[in-house]
Amino acid sequence: MSTEGVWAYAIVAAESAARRAEGLTGVAGEPVRIVAVNDTAAAVGSVPLEYFGEEALRHNLEDLDWLGSTARAHDRVISHLARSGPVLPLRMTTVYLNDERVGNLLMNHGDDFTSALAAVAGRQELGVKAYADQKALRGTSDSPGAGKTSGTAYLLRRKRELSDQEETYSIAAQSARRLHDTLSRYAVDAKRKPVSDQSLSGRAGWIVLNSTYLVEDSQADEFRRAVEALNDELVGIELEVTGPWPPYSFTGDLAAS
Amino acid sequence: MAAVLVHRRLGRFMSAALPAEQEWDNNREIALVDLLDRVLAGGVVISGDITLSIADVDMVVISLRTLVSSVGSWMDVQGAPHGSAGT
(Lines give C-alpha, C1' and ligand atoms only; values in the text may rest on other atoms or scores of the structure.)
Protein backbone atom coordinates (compact mmCIF):
# COMPACT_ATOMS: atom_id res chain seq x y z
CA MET A 1 0.00 0.00 0.00
CA SER A 2 1.24 3.42 -0.95
CA THR A 3 2.41 5.66 1.84
CA GLU A 4 1.91 8.81 -0.17
CA GLY A 5 -1.19 10.71 -1.17
CA VAL A 6 -1.68 13.43 -3.75
CA TRP A 7 -2.53 16.83 -2.29
CA ALA A 8 -4.36 19.00 -4.84
CA TYR A 9 -3.86 22.78 -4.80
CA ALA A 10 -5.58 24.24 -7.81
CA ILE A 11 -6.86 23.79 -11.33
CA VAL A 12 -5.25 25.74 -14.17
CA ALA A 13 -5.26 25.56 -17.95
CA ALA A 14 -3.05 22.73 -19.18
CA GLU A 15 -1.19 25.06 -21.47
CA SER A 16 1.97 26.37 -19.75
CA ALA A 17 0.87 24.79 -16.46
CA ALA A 18 4.24 23.12 -15.92
CA ARG A 19 6.10 26.37 -16.44
CA ARG A 20 3.80 28.20 -14.04
CA ALA A 21 4.35 25.63 -11.30
CA GLU A 22 8.09 25.48 -11.72
CA GLY A 23 10.09 25.74 -8.51
CA LEU A 24 7.07 25.71 -6.20
CA THR A 25 7.05 23.70 -3.00
CA GLY A 26 3.93 22.61 -1.21
CA VAL A 27 2.48 21.81 2.20
CA ALA A 28 4.94 19.00 2.90
CA GLY A 29 7.89 20.83 1.40
CA GLU A 30 7.41 18.65 -1.67
CA PRO A 31 7.88 19.90 -5.24
CA VAL A 32 4.61 20.93 -6.85
CA ARG A 33 3.94 19.12 -10.10
CA ILE A 34 1.28 19.04 -12.79
CA VAL A 35 -1.23 16.39 -13.76
CA ALA A 36 -2.78 17.36 -17.10
CA VAL A 37 -5.61 15.83 -19.10
CA ASN A 38 -6.89 17.51 -22.25
CA ASP A 39 -7.23 21.29 -21.62
CA THR A 40 -7.01 21.44 -17.85
CA ALA A 41 -4.41 20.54 -15.27
CA ALA A 42 -4.18 20.13 -11.53
CA ALA A 43 -1.25 21.44 -9.49
CA VAL A 44 -0.52 18.69 -6.99
CA GLY A 45 2.14 17.39 -4.66
CA SER A 46 2.92 13.98 -3.18
CA VAL A 47 2.52 14.10 0.58
CA PRO A 48 3.11 11.45 3.24
CA LEU A 49 -0.14 9.90 4.43
CA GLU A 50 1.41 9.67 7.85
CA TYR A 51 0.64 13.38 8.18
CA PHE A 52 -1.94 14.00 5.46
CA GLY A 53 -4.05 10.86 5.54
CA GLU A 54 -7.60 11.11 6.80
CA GLU A 55 -6.95 10.25 10.42
CA ALA A 56 -3.84 12.37 10.61
CA LEU A 57 -5.58 15.31 8.94
CA ARG A 58 -8.45 15.16 11.35
CA HIS A 59 -6.04 15.34 14.21
CA ASN A 60 -3.63 17.86 12.72
CA LEU A 61 -6.31 20.33 11.69
CA GLU A 62 -7.05 20.85 15.37
CA ASP A 63 -3.51 22.05 15.90
CA LEU A 64 -3.40 25.77 15.27
CA ASP A 65 0.31 25.81 14.48
CA TRP A 66 -0.01 23.00 11.96
CA LEU A 67 -3.17 24.47 10.49
CA GLY A 68 -1.61 27.91 10.13
CA SER A 69 1.53 26.78 8.38
CA THR A 70 -0.33 24.33 6.15
CA ALA A 71 -2.88 26.96 5.17
CA ARG A 72 -0.06 29.35 4.32
CA ALA A 73 1.75 26.75 2.23
CA HIS A 74 -1.47 25.86 0.41
CA ASP A 75 -2.18 29.53 -0.27
CA ARG A 76 1.40 30.23 -1.31
CA VAL A 77 1.17 27.73 -4.16
CA ILE A 78 -2.21 29.02 -5.32
CA SER A 79 -1.21 32.69 -5.05
CA HIS A 80 1.93 32.04 -7.02
CA LEU A 81 -0.05 30.34 -9.78
CA ALA A 82 -2.52 33.25 -9.75
CA ARG A 83 0.27 35.64 -10.68
CA SER A 84 0.68 34.08 -14.10
CA GLY A 85 -2.91 33.43 -15.10
CA PRO A 86 -6.36 32.28 -14.02
CA VAL A 87 -6.55 29.69 -11.28
CA LEU A 88 -9.29 27.77 -9.48
CA PRO A 89 -8.25 27.22 -5.89
CA LEU A 90 -9.26 23.87 -4.43
CA ARG A 91 -10.48 23.73 -0.89
CA MET A 92 -7.74 22.82 1.52
CA THR A 93 -7.50 19.09 2.37
CA THR A 94 -8.42 17.73 -1.05
CA VAL A 95 -6.22 14.64 -1.16
CA TYR A 96 -6.20 11.83 -3.71
CA LEU A 97 -4.80 8.33 -3.48
CA ASN A 98 -2.91 8.66 -6.76
CA ASP A 99 -2.47 10.70 -9.95
CA GLU A 100 -4.86 8.49 -11.87
CA ARG A 101 -7.74 9.65 -9.66
CA VAL A 102 -6.76 13.24 -10.26
CA GLY A 103 -6.73 12.49 -13.99
CA ASN A 104 -10.26 11.11 -13.76
CA LEU A 105 -11.41 14.32 -12.15
CA LEU A 106 -9.93 16.39 -14.99
CA MET A 107 -11.39 14.06 -17.56
CA ASN A 108 -14.88 14.23 -16.09
CA HIS A 109 -14.98 17.94 -15.28
CA GLY A 110 -12.63 19.54 -17.75
CA ASP A 111 -15.36 21.59 -19.41
CA ASP A 112 -16.70 22.89 -16.11
CA PHE A 113 -13.20 23.87 -15.08
CA THR A 114 -12.49 25.57 -18.37
CA SER A 115 -15.56 27.77 -18.11
CA ALA A 116 -14.91 28.51 -14.44
CA LEU A 117 -11.35 29.54 -15.32
CA ALA A 118 -12.69 31.87 -17.98
CA ALA A 119 -15.02 33.45 -15.40
CA VAL A 120 -12.16 34.44 -13.09
CA ALA A 121 -9.60 35.40 -15.75
CA GLY A 122 -8.29 38.93 -15.30
CA ARG A 123 -10.08 39.29 -11.99
CA GLN A 124 -9.03 39.28 -8.36
CA GLU A 125 -10.72 38.85 -5.01
CA LEU A 126 -10.58 41.72 -2.54
CA GLY A 127 -11.90 41.38 1.00
CA VAL A 128 -13.37 44.21 3.03
CA LYS A 129 -13.98 44.30 6.74
CA ALA A 130 -15.80 47.08 8.53
CA TYR A 131 -15.07 47.75 12.20
CA ALA A 132 -17.52 49.91 14.09
CA ASP A 133 -16.89 52.04 17.13
CA GLN A 134 -20.19 51.89 19.00
CA LYS A 135 -19.82 55.24 20.72
CA ALA A 136 -18.85 57.11 17.60
CA LEU A 137 -21.57 55.38 15.65
CA ARG A 138 -24.20 56.52 18.11
CA GLY A 139 -22.93 60.06 18.07
CA THR A 140 -21.97 61.96 21.19
CA SER A 141 -25.50 62.24 22.59
CA ASP A 142 -24.50 61.49 26.16
CA SER A 143 -27.47 61.50 28.39
CA PRO A 144 -28.30 64.73 30.17
CA GLY A 145 -29.13 64.54 33.86
CA ALA A 146 -26.82 61.61 34.35
CA GLY A 147 -25.85 63.00 37.71
CA LYS A 148 -29.14 62.12 39.37
CA THR A 149 -29.12 58.90 41.29
CA SER A 150 -32.75 58.40 42.24
CA GLY A 151 -34.38 55.08 41.34
CA THR A 152 -36.49 56.69 38.64
CA ALA A 153 -33.51 58.39 37.08
CA TYR A 154 -31.64 55.10 37.07
CA LEU A 155 -34.51 53.28 35.37
CA LEU A 156 -34.88 56.02 32.80
CA ARG A 157 -31.19 55.95 32.08
CA ARG A 158 -31.16 52.17 31.81
CA LYS A 159 -34.07 52.25 29.40
CA ARG A 160 -32.34 54.86 27.29
CA GLU A 161 -29.15 52.80 27.23
CA LEU A 162 -31.03 49.77 25.99
CA SER A 163 -32.73 51.68 23.21
CA ASP A 164 -29.40 53.31 22.38
CA GLN A 165 -27.95 49.84 22.02
CA GLU A 166 -30.71 48.78 19.68
CA GLU A 167 -30.30 51.94 17.71
CA THR A 168 -26.57 51.34 17.43
CA TYR A 169 -27.11 47.85 16.05
CA SER A 170 -29.63 49.18 13.62
CA ILE A 171 -27.29 51.95 12.44
CA ALA A 172 -24.48 49.43 12.08
CA ALA A 173 -26.63 47.04 10.06
CA GLN A 174 -27.74 49.85 7.79
CA SER A 175 -24.19 51.08 7.29
CA ALA A 176 -23.01 47.56 6.50
CA ARG A 177 -25.74 47.11 3.93
CA ARG A 178 -25.03 50.46 2.33
CA LEU A 179 -21.30 49.77 2.23
CA HIS A 180 -21.83 46.42 0.62
CA ASP A 181 -24.25 47.82 -1.96
CA THR A 182 -21.89 50.64 -2.86
CA LEU A 183 -18.82 48.44 -3.17
CA SER A 184 -20.72 45.82 -5.15
CA ARG A 185 -21.05 48.38 -7.94
CA TYR A 186 -17.30 48.17 -8.48
CA ALA A 187 -17.30 44.39 -8.59
CA VAL A 188 -18.46 41.68 -10.98
CA ASP A 189 -19.52 39.53 -8.06
CA ALA A 190 -19.85 40.09 -4.33
CA LYS A 191 -20.46 38.07 -1.21
CA ARG A 192 -21.15 38.80 2.41
CA LYS A 193 -19.46 36.31 4.68
CA PRO A 194 -20.29 35.57 8.29
CA VAL A 195 -18.55 37.96 10.62
CA SER A 196 -15.82 36.40 12.70
CA ASP A 197 -16.29 35.72 16.34
CA GLN A 198 -16.79 38.98 18.24
CA SER A 199 -14.25 37.98 20.82
CA LEU A 200 -11.66 38.21 18.07
CA SER A 201 -11.84 41.96 17.90
CA GLY A 202 -10.88 42.43 21.53
CA ARG A 203 -11.26 46.18 21.37
CA ALA A 204 -13.85 48.88 20.88
CA GLY A 205 -14.17 48.09 17.19
CA TRP A 206 -16.65 45.37 16.40
CA ILE A 207 -16.96 43.78 13.01
CA VAL A 208 -20.15 44.74 11.23
CA LEU A 209 -19.25 43.65 7.72
CA ASN A 210 -17.06 40.85 6.38
CA SER A 211 -17.50 40.82 2.64
CA THR A 212 -15.52 39.92 -0.40
CA TYR A 213 -15.57 41.07 -4.02
CA LEU A 214 -14.50 39.76 -7.37
CA VAL A 215 -13.01 42.77 -9.11
CA GLU A 216 -11.57 43.24 -12.59
CA ASP A 217 -7.81 43.70 -12.28
CA SER A 218 -8.21 46.98 -14.15
CA GLN A 219 -10.80 48.17 -11.58
CA ALA A 220 -8.86 47.24 -8.47
CA ASP A 221 -7.43 50.73 -7.92
CA GLU A 222 -10.82 52.29 -8.34
CA PHE A 223 -12.28 49.79 -5.88
CA ARG A 224 -9.64 50.66 -3.30
CA ARG A 225 -10.27 54.35 -3.80
CA ALA A 226 -13.98 53.75 -3.24
CA VAL A 227 -13.18 51.99 0.03
CA GLU A 228 -10.99 54.90 1.11
CA ALA A 229 -13.70 57.40 0.26
CA LEU A 230 -16.25 55.45 2.29
CA ASN A 231 -13.77 55.15 5.11
CA ASP A 232 -13.44 58.94 5.24
CA GLU A 233 -17.14 59.52 4.89
CA LEU A 234 -18.56 57.13 7.48
CA VAL A 235 -18.32 58.23 11.09
CA GLY A 236 -17.56 55.47 13.56
CA ILE A 237 -16.66 52.88 10.95
CA GLU A 238 -13.22 51.87 9.87
CA LEU A 239 -12.62 49.80 6.75
CA GLU A 240 -9.86 47.37 6.03
CA VAL A 241 -9.09 45.81 2.64
CA THR A 242 -7.42 42.41 2.34
CA GLY A 243 -6.00 40.90 -0.81
CA PRO A 244 -5.62 40.59 -3.66
CA TRP A 245 -6.59 36.98 -3.13
CA PRO A 246 -6.90 34.22 -5.68
CA PRO A 247 -10.65 33.81 -6.27
CA TYR A 248 -11.25 31.55 -3.26
CA SER A 249 -14.76 32.82 -2.71
CA PHE A 250 -15.77 32.94 -6.37
CA THR A 251 -15.23 29.52 -7.81
CA GLY A 252 -18.92 29.37 -8.50
CA ASP A 253 -20.87 26.51 -7.09
CA LEU A 254 -18.45 24.09 -8.59
CA ALA A 255 -18.55 20.83 -6.78
CA ALA A 256 -17.30 17.71 -8.39
CA SER A 257 -16.90 14.15 -7.36
CA MET B 1 -8.76 45.19 15.33
CA ALA B 2 -9.01 41.47 14.98
CA ALA B 3 -6.59 41.09 12.15
CA VAL B 4 -3.90 43.02 13.94
CA LEU B 5 -4.44 41.21 17.19
CA VAL B 6 -4.15 37.86 15.52
CA HIS B 7 -1.02 39.06 13.79
CA ARG B 8 0.53 39.90 17.08
CA ARG B 9 -0.07 36.55 18.68
CA LEU B 10 0.52 34.45 15.60
CA GLY B 11 3.50 36.38 14.43
CA ARG B 12 5.44 33.23 13.72
CA PHE B 13 3.06 32.44 10.88
CA MET B 14 3.54 35.81 9.33
CA SER B 15 6.01 36.44 6.62
CA ALA B 16 7.84 39.70 6.94
CA ALA B 17 5.38 42.50 6.35
CA LEU B 18 5.95 44.24 3.10
CA PRO B 19 4.38 47.48 2.04
CA ALA B 20 3.78 46.32 -1.51
CA GLU B 21 0.31 45.01 -0.87
CA GLN B 22 -0.98 45.63 -4.34
CA GLU B 23 1.27 43.01 -5.83
CA TRP B 24 0.70 39.32 -5.97
CA ASP B 25 3.33 38.95 -3.39
CA ASN B 26 3.88 35.64 -1.71
CA ASN B 27 5.25 37.45 1.27
CA ARG B 28 2.25 39.65 1.65
CA GLU B 29 1.08 39.92 5.17
CA ILE B 30 -2.08 37.96 5.76
CA ALA B 31 -4.04 37.60 8.94
CA LEU B 32 -4.52 33.93 9.69
CA VAL B 33 -8.20 34.43 10.33
CA ASP B 34 -8.75 35.89 6.85
CA LEU B 35 -6.68 33.18 5.25
CA LEU B 36 -8.56 30.33 6.94
CA ASP B 37 -11.81 32.01 6.10
CA ARG B 38 -10.84 31.41 2.46
CA VAL B 39 -8.86 28.19 2.27
CA LEU B 40 -11.28 26.29 4.51
CA ALA B 41 -14.55 27.93 3.50
CA GLY B 42 -13.77 28.77 -0.13
CA GLY B 43 -12.28 27.05 -3.13
CA VAL B 44 -13.74 24.35 -5.30
CA VAL B 45 -15.14 21.54 -3.22
CA ILE B 46 -14.16 18.23 -4.71
CA SER B 47 -14.53 14.94 -3.01
CA GLY B 48 -11.10 13.50 -3.38
CA ASP B 49 -10.34 10.11 -2.03
CA ILE B 50 -9.28 11.37 1.34
CA THR B 51 -10.93 14.76 1.44
CA LEU B 52 -12.61 15.43 4.72
CA SER B 53 -16.25 16.12 4.08
CA ILE B 54 -17.53 19.67 4.31
CA ALA B 55 -19.27 18.87 7.55
CA ASP B 56 -15.93 17.81 8.96
CA VAL B 57 -14.31 21.00 7.80
CA ASP B 58 -17.10 23.00 9.37
CA MET B 59 -16.35 21.23 12.58
CA VAL B 60 -12.74 22.14 12.20
CA VAL B 61 -13.64 25.75 11.61
CA ILE B 62 -15.78 25.75 14.71
CA SER B 63 -13.10 24.27 16.91
CA LEU B 64 -10.69 26.66 15.28
CA ARG B 65 -12.89 29.57 16.28
CA THR B 66 -12.68 28.35 19.82
CA LEU B 67 -8.93 28.18 19.54
CA VAL B 68 -8.62 31.59 18.00
CA SER B 69 -11.01 33.06 20.54
CA SER B 70 -8.87 31.77 23.32
CA VAL B 71 -5.89 33.22 21.52
CA GLY B 72 -7.79 36.50 21.53
CA SER B 73 -8.20 36.44 25.26
CA TRP B 74 -4.49 35.95 25.85
CA MET B 75 -3.62 39.01 23.97
CA ASP B 76 -2.77 42.36 25.29
CA VAL B 77 -5.76 44.33 24.17
CA GLN B 78 -4.65 47.58 25.65
CA GLY B 79 -2.77 49.83 23.25
CA ALA B 80 -2.88 47.46 20.31
CA PRO B 81 -1.80 49.49 17.31
CA HIS B 82 -4.56 50.40 14.93
CA GLY B 83 -2.60 49.16 11.97
CA SER B 84 -5.04 49.11 9.09
CA ALA B 85 -2.42 47.76 6.74
CA GLY B 86 -5.01 47.07 4.09
CA THR B 87 -6.05 50.58 3.26
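**Entry one: a bend.** I began with α5(A), which bends by about 75 degrees at H109(A). The model is predicted, so I keep in mind that local features here need pLDDT of at least 70.

At the N-terminal end of α5(A) I found a cap, N98(A), with a side-chain oxygen 3.1 Å from the backbone nitrogen of E100(A). Just past α5(A), G122(A) has a positive phi of about 70 degrees. I also checked burial: H109(A), where the helix bends, is among the buried residues of α5(A), along with others including G110(A), F113(A) and V120(A).

How many residues of helix α2 (residues 32–39) of chain B are buried? I got eight of its eight, so to speak a mostly covered helix. The buried residues of α2(B) include D34(B), D37(B) and R38(B), as well as L35(B) and L36(B).

I placed A190(A) in strand β7 (residues 189–192) of chain A. Is A190(A) buried or partly exposed? A190(A) counts as partly exposed because its relative accessibility is 23%, and buried would mean under 20%. Leaving out residues up to four places away in sequence, A190(A) touches H180(A), S184(A), T212(A), Y213(A) and F250(A). I also noted L214(A), 24 residues from A190(A) in sequence and 6.2 Å away in space, C-alpha to C-alpha.

Conventions. Residues are numbered from 1 along each chain as its sequence is written. Chains are lettered from A and ligands numbered from 1 in the order in which they are written. This is a predicted model: local features need pLDDT of at least 70, side-chain atom pairs count only at pLDDT 80 or more; totals for chains, interfaces and linings use all residues. Side-chain values use heavy atoms; hydrogens and water are left out. Buried means under 20% relative accessible area, exposed over 50%, partly exposed in between (1.4 Å probe, protein chains only). Helices (H or I, at least four residues) and strands (E, at least two) are DSSP runs, numbered from the N terminus. Contact means heavy atoms within 4.5 Å. The bend at a residue is the angle between axes fitted to the seven residues ending there and the seven starting there. A polar contact is a pair of N or O atoms within 3.5 Å; within protein, one must be able to donate a hydrogen and the other to accept it, and residues adjacent in sequence count only if both atoms are side-chain atoms.
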